[in-house]
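Dear colleague,

Please find below the structure that I am handing over to you. My notes on it follow directly after.

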Amino acid sequence: MDRRIYIGLFCSLVATVAILATAIPVSTQTTGSFQYVIPHFNSNSGSELILSNLSSVLASAKVTFRNSEQAQVADAGINIPAGAQLRLTAGSLALSSFDGTVIVVSSSRLSVIATLSTGSGFESVVPATSSTDLIIPFSQGTTGRMKVTIYNPDDRSTSVVILPIAPDGTVLGDAAPTVAALGTLKLDIATLFPQPSTGPLRDISHLLIRVPKSVLGPDHRVLVQAEMINFSDAAEGIVVPHSDFSAVTAVPVSTAVLSGTIPFFVHGSDYLTELQFVNTSSDAGTVTLTARDIDGNLVPGTPVATVALPANGAARRSVQRVFNLGVGTTLGSIVFQSTTPVIAAEAIASANQSGFVVIPAGPQPDTNFVFSVRDFNPQVFIGLVFLNPSSSIANLMLQYVSDAGAIISSATLTVDPSTQGMRILANLFSGARSAGFVYVSSDVPIIATALHVAVDNSVLGNLAAMHSQPDYAGPSSTAPPPTTTPVGPTAPSGSGSAAPTLTSFGVLPMPLIAGNAGFTTTVTGTDFLPGVSVLINGVPRPTILLTPTTIQVTIPPEDLAIGGLVKVTAMNPSPTVGASNALDLPVMNPVPVVLSISPNSADVRLETNAPALPITVSGFGFKQGATILVAGTAIPTTFQNSNSLSGSIPQSSLEVGGAFAVSVVNPDPSVGPSSALPVLLSNLTPILAAVETDSLLTFDPTRPGETYNAPIVLRGSNFSKVSVFELTPPLCSKGVATAPTSATVLIGGTQQFTAYLDGVATKAVTWTVNDVAGGNFTVGSISSTGLYTAPPAVPDPATVSVKVTSSSDPTKFAVATVTITSTPAATTGGVTGVGAVGATVVGSHEAVMTVTINCTGQYMVDVRNPQPGGGVSKTSAFNVVPFTPSSSPTIDDPAFNSAPTLGLFPPVAPARSPDFTLTIIGSNFQPGAVVSFGSAVLFPALVTSTTITVTVPAYLVTQPGLVPVVVTNPTGGSSNRVLFGVN
């Protein structure tokens, strides 16, 4: 198929491209001297070829879409006015389907870039460079899948050699396909070099593509482009494969350098940066890296680091590992110097989402940069980074320019020496929403880079910089936006025509997000008259009467700038009784973006009078009334500006450690909350100061079945609702025992068991799981020291038996049960250990633990707080002593126990005597004993095991007679009765 179309773009054409039908005579083709090749382009929605003529003269170009696999060729002659930009798709050349190469030949220099879309993501692709020796950096590693497109610009076929290279420089294979003349060859590297079926996965660091040298004729050159998905590098922090595709253009080996700049890196706030340096030399080398933050200061940690480069190999390292970056977000730039020529690149990945992008090392400093911009999409933002490597202040002029070359908006920026300026495009040019380009000029050379970023970090894309030509005078004067001043109805007179009735809207943007560029829709209802006007929040807007039941209204962007319920009414021309009923038009506040949280870590706060934790959330897209959410719960929030919120997390939400998701939601109506970043709350290490019992604890060894529960008071600090109170009781039984006797273990997790023989820990035992020595893959394994490892899947049944047997006497054994689960246990407090019944945390300084007393001995207690943070307290103990039955107390009495004398002194007293002291002699008196003197109970002043001294008040001896005296011990038991005489 060969189609030829002439496309003329004239200065008056702002937003459309006129494509003349094939029946119109074709223009004379341009004889060009500048060629640009995009090896891989497609017809997917969103794929665009962008040709920028940033010069002072008209550019004539020929654009050819070539797919040799389908014998498909289409070309067009194009004129591009000076200072303008043209966008082409496959459809522009009447191709409904295309997947091949694009060649642009121009009479003068152009700035060319392509946007390649895969449906879920997109990447900006710069023209490839032809060479006989090319390197594709950041190849697929172990999990990625890379597809390579090779274009042969010659009219003769050529063979190429493709070599996958390991990081240590080892060649992992080879392939030598042939590329047809003017042909495009597409290769799947994962299919061409499959992973081995057994053994470790091969790590393809980069690809080397070579065209064999020609002995008799000129060398052949090829142009190469690659796309990759599912890259991961677990050793460097990119743990899971990332499904976002990344375009990588092959680099000629001859462009390797000894020094250069990585103009932007980021670590933290859901981003990771990994660097790669490919050593193009057969000699080993080293590369020295120096990292600075956005203010030009050396980063904390190890700001200057050296990385070894194997001969013909590469080093792939995360910036976090290279520079030992701490907690928090670090942004900045990196300067590198190598002892051997290298090709440098970086990859930026989302830590929690699928976004991934490969970016070549920074361009050379320049005084002008151009970034092509697509139509506004609220789900994607563009970040711009300007690095000033010079010793002078850089004064930047930034201009948002339409495709036709007219200035839409402008801004200025100052960047101090050795620092970076970072801006979000939407914040620089809030009103610029149509496609165009950003023209950046500086009075000193700078390095400029840009990224496309989905607000949820599912897509990351490099936006490569272009440059204007030396004769470009800059954009033309500002093109004023069209304005309409609608004429509204006069005030209602209170009489006249009936008020309209509104029932519904026609087609609306879904969702309708604040900042919408405006749209036209219809409103249905009744009683619409000629001259009817629609009012938006009381302001009349351009209205067209379509039928008596349908009107059309154009809603401008100023009515949609702020989220909320927009009131829509209609009013017939005067005289009329008034306006219609109102319909609510919800304008949704957009999803904000959270970039960082400060602080992003803290300790739990257990005291009820502790202050709240103040935090600052930084990002963009925050609206007045935005709320910070912590674990989905709103906290008190103060709006500072569209990029910053402050809030306070109350003490009641700071009692338990963990990673708590922090997000921001704009006020209703809202599309939804932002993606979340974590705040890490660390548990404190518990302190156990004392263990108390309310009385002496005893146990009767002769009655082992009579166990009882006793409250144990623990005093200390940092007790919380997730504290675990651990009890290690004495082992009371003879023979073999194990602790614990039961456990629940997560698949792949471990549990330590301890064997005891006659109450003493021992290793002279053997272990089995379900009677299998050492266990197996299905039921779990156990080591000779009692460390059980759960299987990788839950067995059937899920409970297994761990048996420990004495090595010296196989008849002595004990069994513990283990339940394997695939569900992690919730982080809650509790107790562990045989005999631990429960625990109640009274406060951060006191807890009451209920323990079953089932034998005598020393009971050990400690407190454990879980991770994050946390730890184990020191161990304290309480003792349980043997119960000794006590004898009843006895008062000496010659008639009762053959005592030589009566145990009362004095034995008698005169009636109506004053208070007197009575001494009682006997045995088995206990502290706390009381004396019954008649019906009165007296409390002694002194008690020993043989003597009690008590005061008898006068009112007890007013009448002559005999008074019985009895001693009662506090543990029970009363003495014999002895009579005291009153004369």
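This is a predicted model, and I begin with its largest nonpolar core, which has 32 residues. Within this core, Ile136, Val148, Ile150 and Val224 touch the most other members. Two or more residues come from each of the elements β11, β12 (145-151), β16 (184-188), β17, β18 (223-229), β28 (330-350) and β29 (356-360). Setting aside residues up to four places away in sequence, Ile136 touches Met146, Val148, His206, Leu207, Ile209, Val224, Ala226, Val248 and Ala250. There is also a second, separate core of 29 residues, and among its members are Leu49, Ile80, Val102 and Ala247.

I turn next to the charged pairs. Side chains of opposite charge can pair when their charged atoms come close. The structure holds 17 salt bridges, and three of them are described here.

Arg210 forms a salt bridge with Asp133, and their closest N and O atoms are 3.3 Å apart. This pair links distant parts of the chain, since Arg210 belongs to strand β17 and Asp133 to strand β11 (residues 133-136), 77 residues apart. Arg210 is partly exposed, and its relative accessible area is 41%.

A second salt bridge joins Glu274 and Arg316, with 3.4 Å between the closest N and O atoms. Because Glu274 lies in strand β24 (residues 271-279) and Arg316 in strand β27 (residues 314-318), the pair ties together parts that are 42 residues apart in sequence. Are these two residues buried or exposed? Both Glu274 and Arg316 are buried. They also belong to a network of salt bridges that links them with Asp203 and Asp233.

Arg715 is partly exposed, with a relative accessible area of 31%. Glu846 is likewise partly exposed, with a value of 25%.

With kind regards

Methods: Residues numbered from 1 in each chain as written. Predicted model: local features only at pLDDT ≥ 70, side-chain atom pairs only at ≥ 80, totals over all residues. Heavy atoms only, no water. Salt bridge = Lys/Arg side-chain N within 4 Å of Asp/Glu carboxyl O. Helix = DSSP H or I, 4+ residues; strand = E, 2+ residues; numbered from the N terminus. Buried < 20%, exposed > 50% of the residue type's maximum accessible area, 1.4 Å probe, protein only. Core = buried A, V, L, I, M, F, W, Y, C linked by side-chain atoms within 4.5 Å. Contact = heavy atoms within 4.5 Å.
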